[in-house]
Amino acid sequence: MRRHTAGITAIVMGCAATIATLLSATNANAVVAPAAGAYAPITAFNLFNSTIAAHGTAVVTVTGASGIPVGAAAVAMDVIVVSPPVSGFASVYPSGTTRPHTSVIDFTAHQRIADLVITKTGNNAVNVYNGSAGTATFVVNAIGYYAGGGAPVAGGLQPLTPVNVLDTGTGVGAPAGLVPAHGTVTLQLTGRGGIPASNVGAVVLDVAYVAPTRSGFGVVYPSDVGRPGTSNIDFIAPQTISNLVITKLSASGAVNLYNGSGGTVRIEANVFGYFAGGTPTAGGTLQSLTPANILDTGTGVGAPAGLVAAHATVTLQVTGRGGVPSTGVQGAVLNIAVVTPTAGGYATVYPSDQARPPAATLNFTPNRTIANLTIAQVSATGTVSLYNGSAGTVRFVANVLGYTILGA
């Protein structure tokens, strides 16, 4: 997510065996999305699972494969770095374009970490760059796509080539300097980085909290509303970590980024696209929401209070809660966090009326809270399941940031 001269730093595979057994599935669960910019979820499948040499680039074909049509404007996928030998970062960008000075994942040696990426395609492919001095294994899993076909309809995605729009370390988008404890940065987005000056419903940002001096959390929200009681990212000093964010803008086109820690931090943001303004009506289009907490197994929100047992599943009612309507919902934009797990493992979020897929929403290590964004398809009754793929207990937290409309 950073402008790197050297890299450091979230839906990821559960374990090596899981990676090896990923389905090359058909898109039996896809929703036809003829409207430009509309989202179509697909059964998760593996696009790439191989090593990339130090400072090397892999070209990953995404369209025309397993249900993603040629001409798709963008693809939603999980990019995973598996136990790299040295620290570094990963960049993902449209093939046929120059690598931007941005990244989507920052990683430390021997860490398994991932981030949801929504990226524009180029020549039916994307490039994955290994910004480290060691050969590393990368896994790329597709979870859906955004339809092409011209300017997006209301609530449809217009993908962009990644552009850095904020770096408080160098003075991009805000005055240069570290953000103080419990400080807030206001970032103007409309009219910058390819985002138009008007008719913008929401933006897609990859946000990084860089080298924090104290552990804490980050919140991204429209600058003309009160800070919500949710978070987008959790960080542990001094590790850099990023997460994808889909957020509404203020009336003037700006967002606030809050440092929820007792120390200083450098904040960076890259824009990957925006959703057209207006009232969404077409299937697969996005209705963004003010973030709302709809699950916390630690306090009994959305599920009985208590830690989730090893290899246990929690069912979460999404529709009819947090601003999501009771009917007409295709899926939900959820920020999922695993809080202080007692053992390392992974979490999978999936429709409750389907079999659990061999892919995961995030990976975690013991005693470290971590979050990742997901676009989760809901069951016929509007529920999703959250699976604890570890041998220990976890606390699940989920915040809803928006929903996609079910087509006719």
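In this predicted model, four strands make up an open sheet whose order is β1-β8-β3-β6, with antiparallel pairing. The edges are held by β1 (39–52) and β6 (113–120); each has a single partner strand, so one side of each is left without a neighbour in the sheet. Direction ignored, neighbouring strands of this sheet are turned by 20° against each other on average. In general, the strands of a sheet pair through backbone hydrogen bonds, in either a parallel or an antiparallel manner.

Strand β8 (residues 136–146) is joined by nine bridges to β3 (residues 74–82), and the two run antiparallel. Within this pairing, D78 stands opposite N141 in β8, and V81 stands opposite F138 in β8. Strand β1 is likewise antiparallel to β8, with ten bridges between them; here N49 stands opposite V139. Ten of the eleven residues of β8 are buried, so this strand is largely enclosed by the rest of the structure.

Of its 408 residues, 61% count as buried. The accessible surface comes to about 13,500 Å², with 54% belonging to carbon and sulfur atoms.

Charged groups form a further theme. Side chains of opposite charge can pair when their charged atoms come close. Three salt bridges are counted in the model.

One of them links D167 and R266, with an N to O distance of 2.8 Å. Because D167 lies in strand β9 (residues 157–167) and R266 in strand β16 (residues 266–276), the pair ties together parts that are 99 residues apart in sequence. D167 is buried, at a relative accessible area of 0%, and R266 also counts as buried, at 18%. The side chain of R266 meets that of E268 as well, again in a salt bridge of 2.8 Å, N to O; E268 is buried too.

A further salt bridge joins D296 to R395, whose closest N and O atoms are 2.8 Å apart. D296 belongs to strand β17 (residues 286–296) and R395 to strand β24 (residues 395–405), so this pair ties together parts that are 99 residues apart in sequence. D296 is buried, with a relative accessible area of 9%, whereas R395 is partly exposed, at 27%. Through shared partners, salt bridges join D167, R266 and E268 into one network.

Notes: Residues are numbered from 1 along each chain as its sequence is written. This is a predicted model: local features need pLDDT of at least 70, side-chain atom pairs count only at pLDDT 80 or more; totals for chains, interfaces and linings use all residues. Side-chain values use heavy atoms; hydrogens and water are left out. Two strands pair if DSSP finds at least two bridges between them. Axes are lines fitted to C-alpha atoms, for helices over the stretch in contact, and angles run from 0 to 180 degrees between N-to-C directions. Buried means under 20% relative accessible area, exposed over 50%, partly exposed in between (1.4 Å probe, protein chains only). Accessible areas come from the Shrake-Rupley method with a 1.4 Å probe; for residues, only the protein chains shown count as cover. A salt bridge is a side-chain nitrogen of Lys or Arg within 4 Å of a carboxyl oxygen of Asp or Glu.
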